[in-house]
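Open your viewer and have the selection panel ready.

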Amino acid sequence: MSEPISEQTTPPSQNSTPSVAEKPQANNLVEANVSSAKINYILYLVGLVIGLTALVGVIFAYVKRSEENPDWLNAHYSFQIRTFWYGLAYLIVGSLLSVIIVGWLVILFWIIWLVVRCVKGMSALDAQRPIEGGFFSFGN
């Protein structure tokens, strides 16, 4: 008599696609990081009134950028970090020049520049695409 053939099972390969149960967890992580990037933009806008929130935002952006994120989301964190440092430079120059009228114009430019960058960033974030544009964020 012949022996019954036993089923052989092979362990799943490490390169296999994630199971259905794993995909929602990855989407939740991306959604959480999108929310945190949006909070950073809001912290920068609130920083116009309470400067400490902008400092919290840049620290948060550095921490989140070091995590595993899609490239388009890391582009937002890098954009937020550059926004903070360039904005700080504008604020320092404007404050130093505020003795003359030019400093107040620099500070006014900084406020407008910051609002435009934050609004454009949040708009791109909602569309889940990387931030586009150059230094002044008036690009495509």
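Predicted model: local features only at pLDDT ≥ 70, side-chain atom pairs only at ≥ 80, totals over all residues.

Helices here are DSSP runs of H or I with at least four residues, numbered from the N terminus.

On the H3 side you will find Phe79, Thr83 and Tyr86 among others, and the H4 side includes Trp110, Trp113 and Arg117. The contact residues divide into 14 nonpolar (Ala, Val, Leu, Ile, Met, Phe, Trp, Tyr, Cys, Pro), two charged (Asp, Glu, Lys, Arg) and seven polar (the others, Gly among them).

Now zoom in on Thr83, in helix H3 (residues 71–96). Is Thr83 buried or exposed? Thr83 has a relative accessible area of 3%, so it is buried (under 20%, with a 1.4 Å probe and protein chains only). Show its polar contacts (N or O pairs within 3.5 Å, one able to donate a hydrogen and the other to accept it; residues adjacent in sequence count only if both atoms are side-chain atoms). The side chain of Thr83 meets that of Arg117 at 2.8 Å, and a polar atom of the Thr83 side chain lies 2.7 Å from the backbone oxygen of Phe79.

Residues are numbered from 1 along each chain as its sequence is written. Local features need pLDDT of at least 70, side-chain atom pairs count only at pLDDT 80 or more, totals for chains, interfaces and linings use all residues, and side-chain values use heavy atoms, leaving out hydrogens and water.

Note on methods: Helix = DSSP H or I, 4+ residues; strand = E, 2+ residues; numbered from the N terminus. Buried < 20%, exposed > 50% of the residue type's maximum accessible area, 1.4 Å probe, protein only. Contact = heavy atoms within 4.5 Å.
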